[in-house]
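Work through the exercises below with the sequence and the 3D structure in view. Each task is followed by a solution in steps.

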Amino acid sequence: MFKKILLAADGSSHSKRATEKAIFLAKKTEGSSVTLIHVIDDIPGRTEVMEEDLSPRKVPDHHKERTASIEKYLEDEGVTYEVQHIFGEPGPSIIRNANNGDYDIVVIGSRGLNPFQEMVLGSVSHKVAKRAECPVMIVK
C-alpha cells in the first residue's frame, strides 16, 4: 500500500515513535522503502553567504549523530532506507521533498504543543499535514 515512505525525523523521542510506525508500514508492503529526512534549521546569515564561497555546505557530524539511532533501528529491522540531511526551515523543506519526491505517505512525530503554543508557533507536523499532497501520519 505504501511503497515510498518519507520519514521526517530529528532524533527526538517523538521522531523515534514515528520511526516505529514507518517501519510497521514498510513491513506491510513488499518492496517498500523509507527515506529518512533530517532537516537542519541552520541557515547562514546574509553576511556569511556574501563572504563565503557558494559551494554546498557539508553536514557536520554532530548533526548526523542525531539520527544515528533511527538509522540503526531501520537497519536492525531490515527496512530498505536512505538518509537525507538537508539545511533549511523544517516545515517547508519537508513539504517540498514530499511533493517533489512522489511519496505515498509522510510519517512525522508531533511535539505535543498545547493549543496556544500551536496557534502562536505553528507546528511543523500541522504545516506538513496542510500542504503535503500525499497522506500524512502524525504520530503522538
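**Exercise 1.** Describe how helix α5 packs against helix α7.

Solution. Start with the handedness: α5 passes α7 in a right-handed crossing, meaning that the near helix is turned clockwise from the far one by less than a right angle. Next, take the geometry: the two helices pack at an angle of about 35°, with their axes 9 Å apart. Axes here are lines fitted to C-alpha atoms over the stretch in contact, and angles run from 0 to 180 degrees between N-to-C directions. Then list the partners: P90, G91, I94, I95 and N99 in α5 meet V124, K127, V128 and R131 in α7, a contact being heavy atoms within 4.5 Å. By type, these residues divide into 5 nonpolar, 2 polar and 2 charged.

The model is predicted, local features need pLDDT of at least 70, side-chain atom pairs count only at pLDDT 80 or more, and totals for chains, interfaces and linings use all residues. Residues are numbered from 1 along each chain as its sequence is written, and side-chain values use heavy atoms, without hydrogens and water.

**Exercise 2.** Find the salt bridges (a side-chain nitrogen of Lys or Arg within 4 Å of a carboxyl oxygen of Asp or Glu).

Solution. The whole structure holds 2 salt bridges. One joins K27 to E77, with the closest N and O atoms 2.5 Å apart. K27 lies in helix α1 and E77 in the loop between α4 and β3, so this pair ties together parts that are 50 residues apart in sequence. The other links D76 and K72 at 2.9 Å, N to O. Both D76 and K72 lie in helix α4, 4 residues apart.

Terms used: Ala, Val, Leu, Ile, Met, Phe, Trp, Tyr, Cys and Pro count as nonpolar, Asp, Glu, Lys and Arg as charged, and the others, Gly among them, as polar.
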